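I opened the notebook today to walk through one model, loop by loop and helix by helix. Here is what I looked up, in the order I went.

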Amino acid sequence: SPFFQRKRDLFLEAIAPSRFSFIPTRGTYFQLLDYSAITDESDVEFATRLIKEKGLASIPISVFCVDQLDQKQLRFCFAKTDETLIQAADILCKI
């Protein structure tokens, strides 16, 4: 929907200066972010650290895979208020 596309675009524009890489998502309100340029931690370890140290929640993609394949990607929900998205992007840009 145009509503969620605007939310996605706001989030992606705000994290553009970060070290995360991404391909804009379509048809969902989740965005995958690749963090392979930031750390060698597993996606579960990195997601856990983001929660504990930054108060930022994400979903490690490996938990959805039968073989628990870790491709250094986290899933972030952008169905949030603009203020929350900007705050999250600010945290991500400082990592």
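**Entry 1: a loop residue**

I started at Ser62, which sits in the loop between β2 and β3. Before going on, I noted that this is a predicted model, where local features need pLDDT of at least 70 and side-chain atom pairs count only at pLDDT 80 or more, while totals for chains, interfaces and linings use all residues. I also noted that residues are numbered from 1 along each chain as its sequence is written, and that side-chain values use heavy atoms, with hydrogens and water left out. Helix and strand names follow DSSP runs numbered from the N terminus (helices are H or I, at least four residues; strands are E, at least two).

Is Ser62 buried or exposed? I found it buried, because its relative accessibility is 6% (buried means under 20% relative accessible area, exposed over 50%, partly exposed in between, with a 1.4 Å probe and protein chains only). Which residues does Ser62 touch, not counting those up to four places away in sequence? I listed Asp43, Val44, Gln68, Leu69 and Asp70, with contact meaning heavy atoms within 4.5 Å. I also took the C-alpha separation of Ser62 and Tyr29: 19 Å, for residues 33 apart along the chain.

**Entry 2: phi angles in that loop**

Gln68, one of the residues Ser62 touches, is in the loop between β2 and β3 too. I read a positive phi of about 55 degrees for Gln68, although it is not a glycine. Gln68 counts as exposed, because its relative accessibility is 59%. Lys72 belongs to the loop between β2 and β3 as well, and its phi is also positive, near 60 degrees, in a residue other than glycine. I flagged both because most residues other than glycine have a negative phi.

**Entry 3: the sheet**

Next I traced the strands on either side of the loop. How many strands form the sheet, and in what order? I count 3 strands in an open sheet, ordered β1-β3-β2, with antiparallel pairing (two strands pair if DSSP finds at least two bridges between them). The edge strands, each pairing on one side only, are β1 (30-34) and β2 (59-60).

Between β1 and β3 (residues 73-77) I found 5 bridges, in the antiparallel sense. Phe30 has Cys77 of β3 as its bridge partner. On the other pairing, β2 and β3 run antiparallel and are joined by 2 bridges. There, Ile59 stands opposite Arg75 in β3.

**Entry 4: helix α2**

I turned to α2 (residues 43-54) and checked its length. Its 12 residues should span 16 Å at 1.5 Å a residue, and the end C-alpha atoms are 15 Å apart, which agrees (the expected span is 1.5 Å times one less than the number of residues).

Which residues of α2 are buried? They are Asp43, Phe46, Ala47 and Leu50. Seen down the axis of α2, they fall within an arc of 100 degrees, so they line one face of the helix (the arc is that of the directions from the helix axis to the C-beta atoms). The face turned away from the buried side carries the exposed residues Lys52 and Glu53. Among the elements covering the buried residues of α2 are β2 and β3. Just after α2, I read a positive phi of about 65 degrees at Gly55.

Leu85, Ala88, Ala89 and Leu92 are buried in α3. These buried residues also fall within an arc of 100 degrees seen down the helix axis, so they line one face. Their cover includes α1, β1 and β3.

I looked at Ala88 on its own: it counts as buried because its relative accessibility is 13%. Ala88 and Phe76 are 12 residues apart in sequence and 9.7 Å apart in space, C-alpha to C-alpha.

Where does α1 (residues 2-15) lie? I found it across β1 and β3, running at about 20 degrees to β1 (axes are lines fitted to C-alpha atoms, for helices over the stretch in contact, and angles run from 0 to 180 degrees between N-to-C directions).
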